[in-house]
Amino acid sequence: MTEYLLEMRGIVKQFGGVRALNGIDIKIKAGECVGLCGENGAGKSTLMKVLSGVYPHGTWDGEILWRGQPLRAQSIRDTEAAGIVIIHQELMLVPELTVAENIFLGNEITLPGGRLDYAAMNRRAEELLAELNIRDVNVVLPVKNYGGGHQQLIEIAKALNKQAKLLILDEPSSSLTASEIEVLLNIIHALKAKGVTCVYISHKLDEVAAICDTIVVIRDGQHIATTAMSEMNIDRIIAQMVGREMNQLYPQRRHAPGEVVFEARNITCYDADNPQRKRVDNISFSLRQGEILGIAGLVGAGRTELVSAIFGAYQGAFEGEVLLRGERLDTSTPRKAIECGLAMVPEDRKQHGIIPDMSVGQNITMSVLHEFSRGTRIDQEAELKTIRGEIASVRLKTASPFLPITGLSGGNQQKAVLSKMLLTKPKILILDEPTRGVDVGAKFEIYQLMFDLASQGMSIIMVSSELAEVLGISDRVLVIGEGKLRGDFVNDNLSQETVLTAALDQT
Ligand SMILES: Nc1ncnc2c1ncn2[C@@H]1O[C@H](COP(=O)(O)OP(=O)(O)OP(=O)(O)O)[C@@H](O)[C@H]1O
Ligand SMILES: [Mg+2]
């Protein structure tokens, strides 16, 4: 018997001309928790898709040994049967099905005779969610009723139900709050104690450092190093990831906000299913020219609802006024909002940000296509020039603008959505979790881009669950709690504590 639970040898994966994995070797011991780190596009998700059978044996080169034996999976079913379970970076839930149906999809509990045992599945689903400390999810409601954070937890519950020997978590925490992440990390500890092996992928390196025993770093499809966490620290992980030292996480502040240009007045949003309930309760705020306004708060506090309402994208009923330079705007739909000079990069890029069937380039120019129309035809040369310019300016990593957008790594898809919105030349740019799933180097680039846009006079509203990020780049911080405005602070060495205290304020 080998001492390794898993060995991946010389793994090569090509997509057309792009070599995503270039001969990777990794070994994982039973019971350890491995942090798989690397920049956006390094190949982390691809490597885990090879391992979990998403890419069947034969579509890649190299060899996988699972408990010493060759693993030649044809599908994810084969690997699940072997005890390898993956939680994907992009959520795979079916929005129309109930929470319980999603958890048991492909894994249903049946009654003698073959009919589905809904009662048992609902009960078990409740238990699983209770283990994750989730009390506010009704398992018989459709998944689409719940936001990103809850959906992520439901996906985790689904995986926990599968009795994994090796559990792969690809960016599991990107839409979770600090307390939800704590629950998740505790669960991983408990699984580890039961002998379950984990591969944990996250750009939140503090989590990786807290939970992992071993750090595997890959860069450009190649293995860089495998090191015990006891011999590592976050700076060293970053240095291995980017191939250089990074001594600064946020750009220096240089812009000075001007006068008030934008106002949101008395915004109230009603729950789509329960119109009695207010998700956002009478919030007003203003925004100066060239100002970066951070919106902090816990997940579920109403931050996304607030910015969606301003942009005309809120699903339920909402009221309030939006003014630009004193003039009332009609932002009843996103299209009208864009015409008025607003733009929003949504939190959930899979649902609202990208069109999966289109290429990288088509996604980028989607909102400004009219600018390239010459009579009945499209000036493709001009369009391509714009696309290439955008790709360069946000440093989007893609082999070609003609690739399908779904072929980009998570962080690079995020940059494509940002590009798309920037092309509409907004006066007010709303970013909901703009650096979710984005690596440290690319984060810095996105912050730099935001600073440049602000110093050119664009006003930016940024919702973020990463408090360090809010404090690192905002000129001012709004704190939202339970749908109400709990604080409006100028960020003059504002402390995390002040913001958290406001967010948790029970009065
Ligand atoms: N289906 C695909 N078609 C074409 N290229 C792909 C496909 N999937 C991945 N790639 C390419 O393979 C490389 C690795 O992507 P991968 O998604 O594995 O990166 P990652 O390390 O998971 O990044 P992130 O941190 O952004 O999630 C990227 O250059 C990506 O563009
Ligand atoms: Mg990935």
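Which side chains meet in a salt bridge at 3.0 Å, N to O? Those of glutamate 80 and lysine 162 do.

## Basis of the model

This is a predicted model, in which local features need pLDDT of at least 70 and side-chain atom pairs count only at pLDDT 80 or more, while totals for chains, interfaces and linings use all residues. Residues are numbered from 1 along each chain as its sequence is written, chains are lettered from A and ligands numbered from 1 in the order in which they are written, and side-chain values use heavy atoms, with hydrogens and water left out.

## Salt bridges

A salt bridge is counted when a side-chain nitrogen of Lys or Arg lies within 4 Å of a carboxyl oxygen of Asp or Glu. By this rule there are 26 salt bridges. One of them is the pair of glutamate 80 and lysine 162. Glutamate 80 belongs to helix 2 (residues 76-82) and lysine 162 to the loop between helix 5 (148-160) and strand 7 (166-170), so the pair ties together parts that are 82 residues apart in sequence. Helices (H or I, at least four residues) and strands (E, at least two) are DSSP runs, numbered from the N terminus. Glutamate 80 is partly exposed, at a relative accessible area of 27%; buried means under 20% relative accessible area, exposed over 50%, and partly exposed in between (1.4 Å probe, protein chains only).

Lysine 397 and aspartate 220 also form a salt bridge through their side chains, at 3.6 Å, N to O. Lysine 397 is in the loop between helix 13 (380-393) and helix 14 (410-422), and aspartate 220 is in the loop between strand 9 (214-219) and strand 10 (222-228), so this pair ties together parts that are 177 residues apart in sequence. With 44% relative accessibility, lysine 397 is partly exposed. Arginine 279 and aspartate 271 meet at 2.7 Å, N to O. Arginine 279 is partly exposed at 23% relative accessibility, and aspartate 271 is buried at 10%. A network of salt bridges links Glu263, Arg265, Glu321 and Arg328.

## Cavities

The whole structure has two cavities of 30 Å³ or more. A cavity is a set of points, on a 1 Å grid over the protein atoms alone, where a 1.4 Å probe fits but cannot get out; lining residues have an atom within 4 Å of a point. Grid points are joined across faces, edges and corners, and a volume is the space filled by probe spheres set on the points.

The largest cavity has a volume of about 110 Å³. It is lined by 15 residues, of which Ser174, Lys204, Arg436, Gly437 and Glu466 are the closest to its centre. The lining of the largest cavity holds no nonpolar, eight polar and seven charged residues; Ala, Val, Leu, Ile, Met, Phe, Trp, Tyr, Cys and Pro count as nonpolar, Asp, Glu, Lys and Arg as charged, and the others, Gly among them, as polar. At least three residues of this lining come from each of domain 1 (4-242) and domain 2 (260-341 + 426-504), the bounds being those of an automatic or database domain assignment.

The second largest cavity holds about 30 Å³. Its lining has eight nonpolar, three polar and one charged residue, including Val50, Leu51, Gly53, Trp60 and Arg72.

## Helix 1 and glycine 53

Helix 1 (residues 44-51) is mostly covered, with seven of its eight residues buried. These are Lys44, Ser45, Thr46, Leu47, Met48, Val50 and Leu51. Glycine 53 follows helix 1 and has a positive phi, near 85°.

Four strands form an open sheet in the order 2-1-4-5, with antiparallel pairing. Strand 2 (18-29) and strand 5 (69-70) are at the edges with a single partner strand each, so one side of each is left without a neighbour in the sheet. Two strands pair if DSSP finds at least two bridges between them. Strand 1 (residues 4-15) runs antiparallel to strand 2 and is joined to it by nine bridges. Tyrosine 4 has lysine 29, in strand 2, as its bridge partner.

Strand 6 (residues 84-87) is covered on both faces: Ile84 and Ile86 on one side and Val85 and Ile87 on the other are all buried. Strand 6 pairs with strand 7 in the parallel sense over four bridges, and isoleucine 86 stands opposite isoleucine 168 in strand 7.

How values were computed: On a 1 Å grid over the protein atoms alone, a cavity is a set of points where a 1.4 Å probe fits but cannot get out, and a pocket is an open set with protein on both sides within 12 Å along at least five of seven lines; lining residues have an atom within 4 Å of a point.
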